[in-house]
Amino acid sequence: MSISCMHFSCQLLLLLSFHRHVNTNLSVSENSTFITEPPVETPEPKTPPLAPLTPTQTAQRSVVLTGENHTEKIEVVNPVILNLECVWPGNSKSLPNITGYWTKDGQTIETSYSNIPLENDRYRLIKEFTIMNEEDLGIYSYLFGPKAKVEFILAAPHLGEVRDKPIVSYVGDSVVMLCKMDEKKPQPISWNWYIQNGTNKVQIESDANAHKYKITNEGKKTKLLVYNLTESDSGVYYCGAVYGVATSMGHMQLRVITYYEPLKPFIGILAEVVVLVAVILLYEKTGSRKHGQSGTEENTDQTNNLSHRDNDVAEGHSSTRQRKV
Amino acid sequence: MPPPATSTLGYTPPDGGWGWAVVFAAFISIGFSYAFPKSLTVFFKEIQEYFDVSYSEIAWVSSVMLASMYAAGPISSVLVNRYGSRPVVMVGGLLVGLGMVLASFGTSIIHLYLCVGVIGGFGLAFNLQPALTIIGTYFHIKRPLANGLAMTGSPVVLSTLAPLNQFLFDSFGWRGSFLILGGITLNCCVAGSLMRPVKKTVESKPKEEALEMNRPEEAAPEVSTEGQSCVQRFIDISLFKHRGFLIYLVGNVVMFFGFFAPIVFLAPYAKHQGIDEYSAALLLSIFALVDMFVRPATGFLGNTKRIRPRIQYFFAFAVSFNGVCHLLCPLLPGYAGLVGYAVIFGVAFGMVCALLFETLMDLVGAQRFSSAVGLVTIIECAPVLLGPPIAGAMVDAFGDYKYMYYTCGVLMLLPGIFFFIMHYFNYKKLEEEKRQNNAAVDMRTAEDSELQSQSHKQDLITETEKLKS
């Protein structure tokens, strides 16, 4: 117990001496937590830094396993030194020692094997990770032997709803493509747009092609306007929200079609309408001509058409008239 | 008891036969009129981005369309009075089609207001009024059923257009969709071609003469139409002196303030309570489905012997039921409560819609219905348009939906009670007038039969004399 205490306090000392602590706002929710960033300031170190380290935040995330598995989503906005703590409560059958190790994206981190003693009826491990850029993000899992697993999903903030179906527009027309970050998520530093060229993503520079592309950034939203569309403009477009640690990408597909495409169903429907109207009116004309021919001998009416019903009624009335009088 | 149609119409409506084809045609016309403006909301998000306008500006397209549809009511009535239903509906179909096709080439939001809103709205007005009017000419005995069936067009067409519009949007974007929708709305012309003018069979028998004398004040306008003023020939302004019409108008104007807002806010209310978007959308589908079945059922009920003579009370009950439903809504807990509310609201809404125009026909008679509905729609324009925005402002002001529901409940309950009271008096007065007329007829027929029997005796005497000689 005392050894682990010393071990832990050693770690703390190390942390304290090299880095500037910033207490970040951690809101613990079931699924995800944010590490929000106060604006990164240039530090005034009390002791000169030992290495040319850029001043970064420090944060800690702890998970206490209740079952056999747990997954924790962590949104990382800026580079951070992240301490991940895993606690697994033991039971009466627990071994006094257990071997645990870390994996990143399914690959075991060889240097992370360690023996964890059972203290206060639980196994506890804490490890520090330096998350600097996109490669450092991913799924970090800690396995307590073969039995229990804690998963931390480190990612940059995901984009809000992006349309998964293709956006359709017309040759010669313009189109607006929109990407936005959820209201609750932090604002990106900037936005980039890319177009798919073969297997590469080519960044779109709006200044170079001002007559073709226009990018408008409004904080958590970005719009790409493409003018004078041609069929070659069809394809996949990517929008990237640039954060300190990585760029979060979203993609959408643009389809450019000519006016002939909707014109075909339109003409089809037009033909159907004309045919139906003609059929209905012709049916009526032929129907009335038949009635007209048979009705000339009978009593005439206000209209030119007589129906059978009228004939019956007229006959019935004439008979009643006779009866009454 | 409302006067029998044979005396006011001057002919016997077929009550069947081709009438059912006309009901189908009216089903389509009415369906497009009510459902089309609502179904366009699918396109708004993309159009909003394309033209770079705010959501309220784009929502105005629907509002302008609805406003034009109601405001063009009197024009539609005038045209129907003059030319009959068929040409007006066909012109209406062409107008909507033209409006949508022009809108697909639109370059600004104003362009959309004019093409979709004004031209489209006028086209829909030219569909709505004639469709309602022609039912009155083809049906009398089965009229509530015919009306109920025709009004079912609205939820059915809406349920069809909503997924169709989504599909068109995914395949063709908004421009192509507008073009194709222009084609689809041309089917209103097909509906118009089905609206054959009814064959007016005039019966020449003494029984009919007696009936004509029964309603001297009703028959008089028929005779003196030539001598009336220019305006009177086009649209029947004298309706404003008609007791039943005034009751209907006053009640409806108040009612429409609170009629549509609960539907508009059903999904946002559900989301506000923490329900996810799909379940909230499901509430609207449940509502529409219940509405679809309740309308013909209400029409059928309205046709039964017990309810038909007192159909105004049935309508008053439906309106009050709506009011009670809204008052209870905020008290219902959770998603299950909201589903129950959607079902009961669907029933209430369907009942009112099915009877909405049937009661007007019942009050003013089929002949004056065309003018009546034109006047009613232009006056109802204001509450229909103002209702949802005012409700929205209430929600924003209080931050809670329940006050809006309470207000809507009151706005429906008050007209309901108003209808009950006023129609009680109206029915009494109508009975009195009928008794007076019957007395007058009795006197005249008694004189008549005396004269007849005297002449008969005279004939017999002369004949026997002839035989003798």
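Tutor: Let us consider strand S5 of chain A, which spans residues 97-104. Six of its eight residues are buried, so the strand is largely enclosed by the rest of the structure. Please bear in mind that the model is a predicted one.

The partners of S5(A) may be taken in turn. With strand S7 of chain A, residues 114-117, S5(A) pairs in the antiparallel sense over four bridges. Within this pairing, A:Gly100 stands opposite A:Ser114 of S7(A). Strand S9 of chain A, residues 138-144, is also antiparallel to S5(A), and five bridges connect the two. Here A:Lys104 faces A:Tyr140 of S9(A) as its opposite residue.

Strand S6 of chain A covers residues 107-108 and is joined to S5(A) by two bridges, again in the antiparallel sense. The bridge partner of A:Thr103 in S6(A) is A:Thr108. S5(A) and S6(A) form a hairpin with two residues between the strands. In this hairpin, A:Asp105 adopts a positive phi near 50°.

As you follow the strand, recall a general point: in a regular strand the side chains alternate between the two faces of the sheet.

To review the picture, S5(A) has antiparallel pairings with S7(A), with S9(A) and with S6(A), and six of its eight residues are buried.

Definitions and conventions: Residues are numbered from 1 along each chain as its sequence is written. Chains are lettered from A and ligands numbered from 1 in the order in which they are written. This is a predicted model: local features need pLDDT of at least 70, side-chain atom pairs count only at pLDDT 80 or more; totals for chains, interfaces and linings use all residues. Side-chain values use heavy atoms; hydrogens and water are left out. Buried means under 20% relative accessible area, exposed over 50%, partly exposed in between (1.4 Å probe, protein chains only). Two strands pair if DSSP finds at least two bridges between them.
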